[in-house]
Amino acid sequence: MIDKLKQIGGLRLTLVLLALVSLPLVMFADMEPKGIGVMTAYIVPSLVVLFFFVLMLDALMNRVFMIEQPPQEQAPRRLRMWLDLAAAGGLLLVWGAYFRTLLQL
């Protein structure tokens, strides 16, 4: 397990963990923007968009770097790619509904 975490890397693991931490914050996204509500109403939704694009870019770059590599080098990149796609899919499922309600005004 520790070996898998080392293959993922610290920065990428931090990105995925921050994306996962932002998932339950969608329940507080409609708070009045005063005090802590500023964070949940303005800052977290904008960070979620950034997380999504960075995760998708990282997944794409892992896929690009897998091309013409031996299988032992492809395995960690494939793990990273699927981890990025899973985190981005979670953001899309959870936060997508919130952003869709913003468009229906």
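Because the model is predicted, local features need pLDDT of at least 70 and side-chain atom pairs count only at pLDDT 80 or more, whereas totals for chains, interfaces and linings use all residues. Residues are numbered from 1 along each chain as its sequence is written, and side-chain values use heavy atoms, with hydrogens and water left out.

Helices here are DSSP runs of H or I with at least four residues, numbered from the N terminus. The axes of α3 and α4 come within 8 Å and cross at roughly 150°; axes are lines fitted to C-alpha atoms, for helices over the stretch in contact, and angles run from 0 to 180 degrees between N-to-C directions. The two helices α3 and α4 are therefore roughly antiparallel to each other, a term for angles over 145 degrees. Their crossing is left-handed, meaning that the near helix is turned anticlockwise from the far one by less than a right angle. The contact of α3 with α4 comprises 21 nonpolar, two polar and six charged residues. In this division, Ala, Val, Leu, Ile, Met, Phe, Trp, Tyr, Cys and Pro count as nonpolar, Asp, Glu, Lys and Arg as charged, and the others, Gly among them, as polar.

Helix α2 (residues 10-22) also packs against helix α4 (residues 71-103): their axes come within 10 Å and cross at roughly 20°. That makes α2 roughly parallel to α4, the term for angles under 35 degrees. The crossing of α2 and α4 is again left-handed. On the α2 side, the contact (heavy atoms within 4.5 Å) is made by Arg-12, Val-16, Ala-19 and Ser-22, and on the α4 side by Arg-80, Leu-83, Asp-84, Ala-87, Leu-91 and Trp-95. By class, these are six nonpolar, one polar and three charged residues.

The largest nonpolar core has 15 residues, and those with the most contacts inside it are Ala-19, Val-48, Phe-51, Leu-55, Leu-91, Trp-95 and Tyr-98. Such a core is a set of buried Ala, Val, Leu, Ile, Met, Phe, Trp, Tyr and Cys residues joined through side-chain atoms within 4.5 Å. Two or more residues each come from α2, α3 (36-66) and α4, and the largest share, five residues, comes from α4. Leaving aside residues up to four places away in sequence, Val-48 touches Ser-22, Leu-91, Trp-95 and Phe-99.

Asn-62, in helix α3, is buried at a relative accessible area of 2%, where buried means under 20%, exposed over 50% and partly exposed in between (1.4 Å probe, protein chains only). Beyond residues up to four places away in sequence, Asn-62 touches Arg-12, Arg-77, Arg-80, Met-81 and Asp-84.

In the loop between α3 and α4, Glu-68 is exposed, with a relative accessible area of 77%. Glu-68 has a positive phi of about 55° although it is not a glycine. Most residues other than glycine have a negative phi.

Phe-28 lies in the loop between α2 and α3 and counts as partly exposed at 41% relative accessibility. Phe-28 and Ile-67 are 39 residues apart in sequence and 42 Å apart in space, C-alpha to C-alpha. Leu-103, in helix α4, is exposed at 74%; its C-alpha atom is separated by 21 Å from that of Pro-24, 79 residues apart along the chain.

Technical notes. Angles under 35 degrees count as roughly parallel, over 145 as roughly antiparallel, 65 to 115 as roughly perpendicular and the rest as oblique.
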